[in-house]
Amino acid sequence: MRKLLAAALCLAATATGCGAHVESSADPKTPAVTLTNCGKEVTYDKVPKRVVTNDVGITELMFALGLENRMAGFAMPDDKGDLTDVPWKDGYDKVKWLSKDQLTKENVLDARADLVFAGWNYGFRDDGGFTPEALKKLGIPTYILTESCRNGRTKTSRGIMPPLDALYADLTNLGTLFGVEKRAATLIADFKKQVAATAAHAPAHRPKVFLYDSGQDQPFTSGRYAAPDEIITKAGGNNVMHDVDDSWTTVGWESVVERNPDVIVICDYGDVSAEQKRKFLLSYAPLRDVSAVKHKRIFVLDYVDLVESPRNPSAIARLGAYLRTVDRHR
């Protein structure tokens, strides 16, 4: 199954490093580039040659654009799924794995990074002082993952645009910065085509879907600005937490019970396996009357499917197929 998925993704990303001919990235002597990132204009004086990235989705955005030759390394826990058959396996083979935790000032400096590409809660964090402002003081530019942009509603709430728009914005910006605009445009066009094909076959009765990431006392889930919201929507469902003006966030179980989802999607990663999460959901007494639990309608997607990444369109297609099955068996 993974090999078939890899082949499908590779076909979709015809302008990526899957053996296709790709354009050369920009010459480092090109003029400064100004981009809009998280609602602010940011100017980069030169094309980065030693980018470091944090986490799997961000790293694969670079790989999907064929930019592994512009990277000095990445940080990523080794619990984010099997990387054996991903379309960008060559990128993982070529680029140094700096840390199996997350980026720090120390490993960024050791890598002689000239750009840090990360996100709030995807590497950037106030508590450890690893922020764009702190890196700027060290003379290191940054680019913030658009899914993670802080939106001002609270000190921590994130997301400023619909999730797929965030994906396309980052691909467009990276294409401009590295001089691979055609590659980025082709990738975006292929992704939009794949998403539209799935959305065109949405079930007549859209199932209500709850995204379960983790947590037993309180569930960690997706509001309207994290990738699962639009993955669920384009797949033909309705995210029961769509009214939450945040990306990844914690809610109460009572709100899940009240909204009575027809399907629960598990985010598979970490020390707690998807099967363990499934057993918990099916045995947790407060959920016993929830439709998804009563009918054991639980679907699993990998972590990288559910954070902003070039795997989002494939996740939409796979979840869409499952939701159509649910609708047929109502």
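Which residues of helix 6 are buried? They are Pro163, Leu164, Ala166, Leu167, Tyr168, Asp170, Leu171, Asn173, Leu174, Gly175, Leu177 and Phe178, where buried means under 20% relative accessible area, exposed over 50% and partly exposed in between, with a 1.4 Å probe and protein chains only. The structure is a predicted model, in which local features need pLDDT of at least 70, side-chain atom pairs count only at pLDDT 80 or more, and totals for chains, interfaces and linings use all residues. Residues are numbered from 1 along each chain as its sequence is written, and side-chain values use heavy atoms, with hydrogens and water left out.

Because 12 of the 16 residues of helix 6 are buried, this helix is largely enclosed by the rest of the structure. Its length can also be checked. After helix 6 comes Gly179, with a positive phi near 70°.

Helix 2 (residues 56–64) is mostly covered, with 9 of its 9 residues buried. Val56, Gly57, Ile58, Thr59, Glu60, Leu61, Met62, Phe63 and Ala64 make up this buried set. Gly66 follows helix 2, and its phi is positive, near 70°.

These helices belong to a chain with 13 helices and 14 strands; helices (H or I, at least four residues) and strands (E, at least two) are DSSP runs, numbered from the N terminus. The C-alpha trace spans about 60 × 40 × 30 Å along its principal axes. The radius of gyration, taken over C-alpha atoms, is compared with a globule rule of 2.2 Å times the number of residues to the power 0.38. For 330 residues a compact globule would have a value near 20 Å, and the chain has 20 Å, which agrees.

Of the 330 residues, 54% count as buried. Contact means heavy atoms within 4.5 Å; among contacts between residues at least 6 apart in sequence, 68% join residues at least 24 apart. The accessible surface of the chain comes to about 14600 Å², and 50% of this belongs to carbon and sulfur atoms. Such areas come from the Shrake-Rupley method with a 1.4 Å probe, and for residues only the protein chains shown count as cover.

Thr142 is found in strand 8 (residues 142–144) and is buried, with a relative accessible area of 14%. Leaving aside residues up to four places away in sequence, Thr142 touches Tyr44, Leu115, Val116, Phe124, Pro132 and Leu135.

Asp302 is found in strand 14 (residues 298–302), and at 14% relative accessibility Asp302 counts as buried. Asp302 and Asp82 are separated by 220 residues in sequence, yet their C-alpha atoms are 9.4 Å apart in space.

Lys96 lies in the loop between helix 3 (89–94) and strand 5 (97–99). With a relative accessible area of 56%, Lys96 is exposed. Its contacts, not counting residues up to four places away in sequence, are Ala72, Gly73 and Phe74. Lys96 and Asp217 are 121 residues apart in sequence and 38 Å apart in space, C-alpha to C-alpha.
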